[in-house]
Amino acid sequence: MSIWWSLHLRREAASVPLARRLLVGAMETAGVDPETAYDLAVALSEACANAVEHGGDSSTGYRVTARIEGDTCRIEVIDSGPGFTKRPRPCERRPAHRRKRTPAAVHDEHGRGLFLIESLTDNVRVRNRPGHRGAVVSFDKILKWREGGPPPAALLRAS
């Protein structure tokens, strides 16, 4: 079985929990370990919050796509804002264990979103949309299955 969905959401704070709940429901249906699902839900919430805050004027929305295939979940959040003002550093494309990003200062109100996403997932890619305004944040996580949940091979056979 593979599960995927895509949403076009308004740039409103209420869209963040909607996307998160849909993701958690899909994870539960697929038999993903709750801790793994929680990590992805927090990462998705951060990416959506960034899209809501920085993703363009109030008339534009943003898109969230999530795909569970085999033992991997890939999530992509695309907005139509100004994009990243400077080119993402090469380390942002490296596996999590090789990244050197540091979090914002402890008392800063902003600046922790990408750090959290990188900390909670296995592979992060941050870029500007080619030929369009906007940013693309995508991340992958290797899934762990809850005890008694379907093994990855069973998911692939069912699709």
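Two residues are in contact when they have heavy atoms within 4.5 Å of each other. With that in mind, take a look at L44 in this predicted model: leaving aside residues up to four places away in sequence, L44 touches A19, R20, L23, V64, I75, V77 and F139.

**The nonpolar core**
- The largest nonpolar core is made of 33 residues.
- L44 is among the residues with the most contacts inside this core, together with L23, M27, Y62, I75 and F139.
- Elements giving two or more residues to the core include helix 1 (15-30), helix 2 (34-54) and helix 3 (113-120).
- Strands 1 (2-10), 2 (61-69), 3 (72-78), 4 (123-128) and 5 (135-142) also give two or more residues each.
- Helix 2 makes the biggest contribution to the core, with 8 residues.

**Helix 1 against helix 2**
- The axes of these two helices come within 9 Å and cross at roughly 155°.
- Angles over 145 degrees count as roughly antiparallel, and helix 1 and helix 2 are therefore roughly antiparallel to each other.
- Their crossing is right-handed.
- On the helix 1 side, the residues that meet helix 2 are S15, V16, A19, R20, L23, V24 and M27.
- Their partners in helix 2 are A37, L40, A41, L44, S45, C48, A49 and V52.
- Sorted by class, this contact has 12 nonpolar, 2 polar and 1 charged residues.

**A look at S2**
- You can find S2 in strand 1.
- S2 and E69 are 67 residues apart along the chain, yet their C-alpha atoms are separated by 4.8 Å.

Notes. Residues are numbered from 1 along each chain as its sequence is written. This is a predicted model: local features need pLDDT of at least 70, side-chain atom pairs count only at pLDDT 80 or more; totals for chains, interfaces and linings use all residues. Side-chain values use heavy atoms; hydrogens and water are left out. A nonpolar core is a set of buried Ala, Val, Leu, Ile, Met, Phe, Trp, Tyr and Cys residues joined through side-chain atoms within 4.5 Å. Buried means under 20% relative accessible area, exposed over 50%, partly exposed in between (1.4 Å probe, protein chains only). Helices (H or I, at least four residues) and strands (E, at least two) are DSSP runs, numbered from the N terminus. Axes are lines fitted to C-alpha atoms, for helices over the stretch in contact, and angles run from 0 to 180 degrees between N-to-C directions. Angles under 35 degrees count as roughly parallel, over 145 as roughly antiparallel, 65 to 115 as roughly perpendicular and the rest as oblique. A crossing is left-handed if the near helix is turned anticlockwise from the far one by less than a right angle, and right-handed if clockwise. Ala, Val, Leu, Ile, Met, Phe, Trp, Tyr, Cys and Pro count as nonpolar, Asp, Glu, Lys and Arg as charged, and the others, Gly among them, as polar.
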